Amino acid sequence: GDPLAFDVQYSPDNGTSWEMVAQNITQTSVELPTINFVAGAQARVRVWVSDGIHTASDESDGPFTVPNHTPTVEITQPAGDVTIVISQTLGLEASAYDVDTGTMPDEQVQWSSDRDGPLGNGAQLSVAVLSVGTHTITVRADDGQGGVATDTVLVTVLESPPPPTSVYLPLIMR
């Protein structure tokens, strides 16, 4: 009749390691979003229960599979569509994350232009070789396990700077 508190742990590797995924649950069920569970072909769940004095636990009867998660990627620089002049250096930056492995290594983050092809790898890249025209720049995050995410930005490259839209002429009064 004492109140019970439940803790839930998750293991992606058949119980070799455990991670706390819910604590101090007072109901007899809890819904946990699997997006926060690392992928594993030998996953298990363990529940600990305590009345404040006595503690007991139980583990899932057999392993189950948590599938690979698709990574996330977002271009952070430039923050939106941009226009530059040919040979001007363009700084590219993206945030790429995989729930299963964390921040993605540079070799798993690739940049490309629909006009000029591959531009390079890494979360940060400087490019000064874009041809004249409008480019769709794509960053692609590939976790190597079948999960791929992309983001794009438009970059217009001009042959020369546009003419000024207004001219500042100081007035001199005599």
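Guide: Terms come before strands. Strands are DSSP runs (E, at least two residues), numbered from the N terminus. Two strands pair if DSSP finds at least two bridges between them. This is a predicted model: local features need pLDDT of at least 70, side-chain atom pairs count only at pLDDT 80 or more, and totals for chains, interfaces and linings use all residues. Residues are numbered from 1 along each chain as its sequence is written, and side-chain values use heavy atoms, without hydrogens and water.

Visitor: OK. How do β10 and β11 pair?

Guide: In the antiparallel sense, over four bridges; β10 covers residues 109-113. Trp-111 has Gly-120 in β11 as its bridge partner.

Visitor: What is the strand order in the open sheet?

Guide: β7-β14-β13-β10-β11, five strands with mixed pairing. β7 (82-85) and β11 (117-121) are the edges; each has a single partner strand, so one side of each lacks a neighbour in the sheet.

Visitor: Switching to the core. Which residues touch the most other members?

Guide: Leu-92, Trp-111, Leu-119, Leu-130, Ile-137 and Val-155, in the largest nonpolar core, which has 21 residues. Such a core is a set of buried (under 20% relative accessible area, 1.4 Å probe, protein chains only) Ala, Val, Leu, Ile, Met, Phe, Trp, Tyr and Cys residues joined through side-chain atoms within 4.5 Å.

Visitor: And confidence? Which strand has the highest mean pLDDT?

Guide: β10, at 98; β9 (residues 102-103) is lowest, at 89. pLDDT is the predictor's confidence in each residue, from 0 to 100. The protein's mean is 92, and 96% of its residues reach 70 or more.

Technical notes: Buried means under 20% relative accessible area, exposed over 50%, partly exposed in between (1.4 Å probe, protein chains only).
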